[in-house]
Amino acid sequence: MKTIANYHKEFERGEYTPLELLEECLRNIDPEINAFITVTEELARESLKRSKKGRLRGIPIAVKDNINIKGVPTTCGSGILRGFIPPYSATVIERIESEGGIFIGKTNLDEFGMGSSTERSFYGPTKNPYDLSRVPGGSSGGSAAALASGSAIISLGSDTGGSVRQPASYCGLVGLKPTYGRVSRYGLVAFASSLDQIGIIGRNSEDVGLLLSVIAGYDKRDSTSSTNEVEDYENLEFPQKGIKIGIPEEYFEEIDEEVYNKVMEIKEALEKEGFSFKKVSLPSTDYIISTYQVISYAEASSNLARYDGVRYGLRKEGKDFLETIRKSREEGFLPEVKRRILVGTFVLSSEAIAEYYERADLIRKIITWEFEECFKEVDYLFTPATPTPAFPIGERTDDPIRMHIPDRLTAGANLSGIPAIVAPAGFVGHLPIGYQIMGRHFDEKGLLSLVKLVEKIKPFKGLSYE
C-alpha cells in the first residue's frame, strides 16, 4: 500500500508528478458512487500551482461537507444550506493548506451528520465502492468512499458517535477519532458539540499519523481545544510487547460470527507477537445507545435552531416572520433531522429534562468512569468495529433502532472523550470489516503504533486503484 511518503519520494525522483496524481484522482471520481457533493477541481488546480513545499505537498484530500473551506459551498448534506458559501476556513483547512495539501472536493454525508449509512443526504445516497448495492457507512461515508474508489489519498471526516470509524470499517480503511479537544473544531458545523470531533480516514496508519501531526494542537478560536503537547505522530514505532490489551466482553455480544472470527484473528496475531490480552467488563455498554441519543439529540435541537431561513441558505417566504421560519425549516430539513430536533426539544423541556437529559448525563459519567477503571488494568481496549459488514442500501432506512445498532460499539469513545481507531481486519465474503482499539486520553500515538504493527503482520489488500 503506497503511503504519502512514497508519493513524495516519487515526486522527488521525477517518476510521478503532483499534477499526474491529481488527474488520476479526478478520473477516478465515479458519479454512481456519489462520494462528492462538490468537486473543487478549479481550486485544486490553483492550489497545486502554489504547492511547492510542505508535509502534504501535492496530496489530494477530500473534506466532509460539514467542514468549512472559504469560498466553497458548505451544504452539510442538507437542503436548508443551499447557496451558503462560508467566508472563512476551518482551522484544520488552514493548517493543511500551510503544508501544501490539495482539496479535491467536499464529500457526501447524512444530513448534518445524523445517520449511519450516508443514505440520508439531500444529495442522494453514497454507495460502497466494494459493492454498489451496499452502504459505505455514515455519516462520513462520502469521505470513506472517496478513498476506497481512488479519488483522494486521504480525507477528513467528523465523528460524533462513530461517524469516521464505522465507514472506515465498511470500506477497508483506517479511521481515527482523536481525543476530544486534540483537534480544533473551529469551522466544523456543529451537530452535538460535546461529542463532535474532526477525524481522519486514510489508507494506512502512517498517512493518518502524518495528517494528525498537521491538524492537531491548540487553537485559541476553539474554547474546547486542548493545550496538551502534540506528540510526533509521523515517526511511528512498533509498540513494546509488555503492554496489556483488554477485551470488553460486552462488546462481543450479538456480533456476526464471521466478523467475530476475523477480529479474533487479529487478536491471535498480536498474541503471537507477545502481547497479552485480558477480559474486562464495561457493564454500562447496554446504555450507550440511549445515552448517546438523548445527549446528541438535545444538543442538535439547540445547534440547529440557527437555521431559520434568515441567516443561512434556504429562505421560503411566508405571510409573516414566523411562517417564513416554519416554511424554511419544513422544506429545508429531511425527516430524520426533524425527528431528532423534535425528540431533542422534548428531552430539554421542563417536563422531561430530569427524566431524560439529566439521567443521560449521569449515565455518561458512569460510562466514562468505567473506561477509566479499565485503563487502570490494561493499556488498550480491543473490540470489533461493527457487528456486521456493510448492509444493503434501504434495508434500515425505516428502522431507526436497527440503524443505531452499530453505534453501540463506537459511541462510548465519544461519550467519554477517549481516542479510538478502526483498521481493516479482513473480509467477510467480498466486504471488508474492521477492528477497533480504544486508548487513554491523548494516546493517539499508541493507537497508531498498534495499527502499524498489525499492518505489518496481517497486511490488508483492498481495492486496486494504484
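**Exercise 1. Is Tyr88 buried, partly exposed or exposed in this predicted model?**

Solution. 
Step 1. Locate the residue: Tyr88 sits in the loop between strand 2 (60-64) and helix 4.
Step 2. Take the accessibility, which is a relative accessible area of 31% for Tyr88.
Step 3. Apply the cut-offs: buried means under 20%, exposed means over 50%, and partly exposed lies in between. Tyr88 is therefore partly exposed.
Step 4. List the surroundings. Leaving aside neighbours within four places in sequence, Tyr88 is in contact with Asn68, Ile69, Lys70, Tyr186 and Gly187.
Step 5. Tyr88 and Pro167 are 79 residues apart in sequence, and their C-alpha atoms are 28 Å apart in space.

**Exercise 2. Describe the place and the contacts of Ser169, and classify its accessibility.**

Solution. 
Step 1. Ser169 belongs to helix 6 (residues 165-170).
Step 2. Its relative accessibility is 1%, so Ser169 counts as buried.
Step 3. Not counting residues up to four places away in sequence, Ser169 touches Ala385, Thr386, Val422, Pro432, Ile433 and Gly434.

**Exercise 3. Find how helix 4 and helix 7 are oriented to each other, and name the residues that meet.**

Solution. 
Step 1. Identify the helices: helix 4 covers residues 91-98 and helix 7 covers residues 205-215.
Step 2. Their axes come within 8 Å and cross at roughly 110°.
Step 3. Angles of 65 to 115 degrees count as roughly perpendicular. Helix 4 and helix 7 are therefore roughly perpendicular to each other.
Step 4. On the side of helix 4 the residues are Val92, Arg95 and Ile96, and they meet Leu211, Val214 and Ile215 in helix 7.

**Exercise 4. Describe the salt bridges of Arg221, Arg165 and Arg326.**

Solution. 
Step 1. The structure holds 34 salt bridges.
Step 2. Arg221 pairs with Glu94, and the closest N and O atoms are 2.8 Å apart. The pair links distant parts of the chain, 127 residues apart: Arg221 is in the loop between helix 7 and strand 7 (244-248), and Glu94 is in helix 4. Arg221 is partly exposed at 37% relative accessibility, and Glu94 is partly exposed at 35%.
Step 3. Arg165 forms a salt bridge with Asp159, at 3.0 Å from N to O. Both Arg165 and Asp159 are buried.
Step 4. Arg326 pairs with Glu330, the closest N and O atoms being 3.0 Å apart. Arg326 and Glu330 are four residues apart in helix 10, so about one helical turn separates them. Arg326 is partly exposed at 45%, as is Glu330 at 47%.

**Exercise 5. Which residues make the nonpolar surface patch of about 330 Å²?**

Solution. 
Step 1. The patch is made by Val310, Phe321 and Leu322.
Step 2. Phe321 lies in helix 10 (residues 321-332).
Step 3. Phe321 has 52% relative accessibility, so Phe321 counts as exposed.

**Exercise 6. Describe the backbone at Ser139, Asn34 and Thr118.**

Solution. 
Step 1. A cis peptide bond joins Gly138 and Ser139, with omega about 5°. Ser139 is in the loop between strand 3 (102-107) and helix 5 (141-148).
Step 2. Asn34 is not a glycine, yet its phi is positive, about 60°. Asn34 is buried at 19% relative accessible area.
Step 3. Thr118, also not a glycine, has a positive phi of about 55°. Thr118 is in the loop between strand 3 and helix 5 and is buried at 0%.

How values were computed: Residues numbered from 1 in each chain as written. Predicted model: local features only at pLDDT ≥ 70, side-chain atom pairs only at ≥ 80, totals over all residues. Heavy atoms only, no water. Patch = residues over 30% accessible without salt bridge, like charges linked within 9 Å, V, L, I, M, F, W, Y side chains within 5 Å. Areas by Shrake-Rupley, 256 points an atom, 1.4 Å probe, with all protein chains shown as cover. Salt bridge = Lys/Arg side-chain N within 4 Å of Asp/Glu carboxyl O. Helix = DSSP H or I, 4+ residues; strand = E, 2+ residues; numbered from the N terminus. Buried < 20%, exposed > 50% of the residue type's maximum accessible area, 1.4 Å probe, protein only. Contact = heavy atoms within 4.5 Å. Axes fitted to C-alpha atoms, helices over the stretch in contact; angles between N-to-C directions. Parallel < 35°, antiparallel > 145°, perpendicular 65-115°, else oblique.
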